[in-house]
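My notes follow the structure.

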Amino acid sequence: MTKRVVHYVNQFFAGQGGEESAHLEPVTVEGALGPGLQLQALLGDEAQVVATVWCGDNHFAENLESTRREVLRRIASFEPDLVIAGPAFNAGRYGMACGEVCRSVTEELNVPALTGLYPENPGVEIYSRDIYIVPVADSARGMKVALQAMGALAAKLLNGELQGTAEEEGYLSRGRRKNFFFAENGAVRAVEMALAKFHGQPFRTEFEMPVFDRVPPAPALKDLKGATIALVNSGGVVPMGNPDRIEVSSASHFGRYSLESLEDLTAQAFESVHGGYDRTYVNDDPDRVVPLDALRALEKEGVFGRLYEYYFSTVGTGTPVKNCSRFGTEIAEQLKADGVDAVILTST
Amino acid sequence: MVKEIERAGFPVVHIATIVPISLTVGANRIVPGVAIPHPLGNPDLPAEEEFALRRSLIERAFRALTTDVEEQTVFDC
């Protein structure tokens, strides 16, 4: 019997437009759409993509619980054997939507679900324990390879053939353990690993420890009235013309811009170059991301000491964590040298 | 960025709309924004009310910065 698959995508991959359509509510379309067409070709006669549910990324991320329920209701009405979401690559909002859809389907419909995310997508940390996530490239340039990997895992899930480790089967570890028999006992394996390590040869632990990189909260500001506060943003707000040529996506650097003698960020002098959200509102009034006007008012009233004379800006979309960490370290060095006390960081 | 700036010793308040992502990237003091494309504004409001909204979010951010926290904390009111 042909198995039934429902596919979830965002407005962009449904062919309904980019950021200007990111507010749209869930829609159901019969059959395959966009990347679903290629999935259908990969699944062959074994399974049919009976429907595609799509939703705008902003609508989903800003109304998480109600949208999750609505999308789940739409998916459930097709009685699927498997649900596929994405791939969402390194897209933050889309990755969350795919994660929410897959987790809901897995837990509430008791139907297997999978998505494809770039390993640094924040959705991986949030959902990888609960759902199958196929590691994919950071952008849609990797679509073909992503769909092949997702199609292969889909076929295995539909046939109930998942036997090997997460890595062997092509998904990110869910942190689950399964009992099975090795040819060698634990003592032998441990000694072999120790010898491999000693000789500088590759070895694979059987018990991976989780990596937590949490920074403990810094102590609170004691004296707001005496404090110098700095503004940083990842929403790509730069002086008109983008003098430092900050990239619209996958930023390689950040910019530092003077706020001296400015009371307000005007639409004439500033703009956003961020490629991951609809810039209409911030370009109408850049204070919606870099809240200079309100800070100047509070500064005049003496609510806090003073605003640092520069603000820092970069583009957060698609930017590798490694770059973001470096930006943070370099910004902190400058803030330290200039005697700043605390930071307001705004993100879109 | 939030994490590395905080690691250098600065209290940082992250104003962002998708709180789960802010939690994932390790922000310790979080103030939820209004919407993804306009975290500190609302184009549907008259200018004066929008300014008041922005000001109130900054005041909340100040409250976050002056509050000692032991773990990741969302200042949602």
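I counted salt bridges over all chains and got 25. My rule was a side-chain nitrogen of Lys or Arg within 4 Å of a carboxyl oxygen of Asp or Glu. The model is predicted, so local features need pLDDT of at least 70 and side-chain atom pairs count only at pLDDT 80 or more, while totals for chains, interfaces and linings use all residues. Residues are numbered from 1 along each chain as its sequence is written, chains are lettered from A and ligands numbered from 1 in the order in which they are written, and side-chain values use heavy atoms, with hydrogens and water left out.

**Chain B, salt bridges.** I looked up B:Arg7 next. B:Arg7 bridges to B:Glu4, with the closest N and O atoms 3.0 Å apart. The two are 3 residues apart in helix H1 (residues 2-7) of chain B, so about one helical turn separates them. Helices here are DSSP runs (H or I, at least four residues), strands likewise (E, at least two), numbered from the N terminus. B:Glu4 is buried at 14% relative accessibility; B:Arg7 is partly exposed at 42%. I used under 20% relative accessible area for buried, over 50% for exposed, and partly exposed in between (1.4 Å probe, protein chains only).

B:Arg29 pairs with B:Glu6 at 3.8 Å between the closest N and O atoms. This pair links distant parts of the chain, 23 residues apart: B:Arg29 is in strand E2 (residues 29-32) of chain B and B:Glu6 in helix H1 of chain B. B:Arg29 is buried at 0%, and B:Glu6 is buried at 3%.

I also noted B:Arg55 with B:Glu59, 3.5 Å from N to O. Both lie in helix H3 (residues 47-65) of chain B, 4 residues apart.

**Across the chains.** How many salt bridges run between chain A and chain B? I found 6. One of them joins A:Asp213 to B:Arg7, at 3.1 Å between the closest N and O atoms.

Contact (heavy atoms within 4.5 Å) involves 60 residues of chain A and 50 residues of chain B. The chains bury about 4600 Å² between them, 69% of it on carbon and sulfur atoms. Buried area is the accessible area (1.4 Å probe) lost when two parts are put together, summed over both. A:Val215, A:Arg288 and A:Leu345 supply 15% of what chain A buries against chain B, more than any other three residues.

Last, I checked strands. E12(A) runs parallel to strand E1 (residues 12-16) of chain B, joined by 4 bridges. A:Thr346 has B:Ile15 as its bridge partner in E1(B).

How values were computed
Two strands pair if DSSP finds at least two bridges between them.
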